[in-house]
Amino acid sequence: MEEKHKKTFGFIAIGTFGAVAVSLLAGSLPFVLPAFRRICLPYVPATDNQIQNVISLLKTRKGNLIDLGSGDGRIVLTAAKIGFPAVGVELNPWLVLYSKVKAFYLGLNKKAVFKRQDIWKTDLKKYDNIVIFGVEQMMPQLEEKLSQELKDDACVIACRFPLPNWNELSAVGTGIDTVWLYGNKASNQNQCSFSQ
């Protein structure tokens, strides 16, 4: 009888361990899979200084905003608080869910929308303000996408890494907290209105 209890306990222990291992794997996949993409855009939370620098560039802007790779949604939520209709695009489903819950909790879910979507498949034509916390190797490809899709009077705010071939209109901050403001390079009018 004691042998039967040991076997039962062993099966339960193995089953429990297996369930925990599968749960951990499933929970970590959205954070690990970006490393296997051609261009890896990892989740690195924005610092408070970076957010304030972005907001300082948005203070004279109007219209809507999209944050490409919105992570935990802090830029979108902060922009929504100061009146921007804002959209966050993020591949990680857990970060999208977290951002949606936070927007609901803050009462911003009508102004701050979060979508699980690939930034390269996101149409930017309807946005007035585009924010990106990119990585260096993606910025040339992003320039091409922006050149094809930006409205004439749209502004781009690049964080952590500048757009390598575009002339900045302004830069705020130092070091890792630096953010750069750009107008539409493809537009002859370059109407990104901004004043500090």
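**Salt bridges in the predicted model**

Lys145 forms a salt bridge (a side-chain nitrogen of Lys or Arg within 4 Å of a carboxyl oxygen of Asp or Glu) with Glu149, and the closest N and O atoms of this pair are 2.9 Å apart. The two residues are 4 residues apart in helix 5 (residues 139-149), so about one helical turn separates Lys145 from Glu149; helices are DSSP runs of H or I with at least four residues, numbered from the N terminus. Both Lys145 and Glu149 are buried, where buried denotes under 20% relative accessible area, exposed over 50%, and partly exposed the range in between, computed with a 1.4 Å probe on protein chains only.

The model is a predicted one, in which local features need pLDDT of at least 70 and side-chain atom pairs count only at pLDDT 80 or more, whereas totals for chains, interfaces and linings use all residues. Residues are numbered from 1 along each chain as its sequence is written, and side-chain values use heavy atoms, with hydrogens and water left out.

In total, the structure holds 4 salt bridges. Among them is the contact between the side chains of Asp48 and Arg74, with an N to O distance of 2.4 Å. Because Asp48 lies in helix 2 (residues 48-58) and Arg74 in helix 3 (residues 74-81), this pair ties together parts that are 26 residues apart in sequence. Asp48 is exposed, at 52% relative accessibility, while Arg74 is partly exposed, at 27%.

A further salt bridge joins the side chains of Lys125 and Asp123, at 3.6 Å from N to O. Lys125 is partly exposed, with a relative accessibility of 48%, and Asp123 is likewise partly exposed, with a relative accessible area of 43%.
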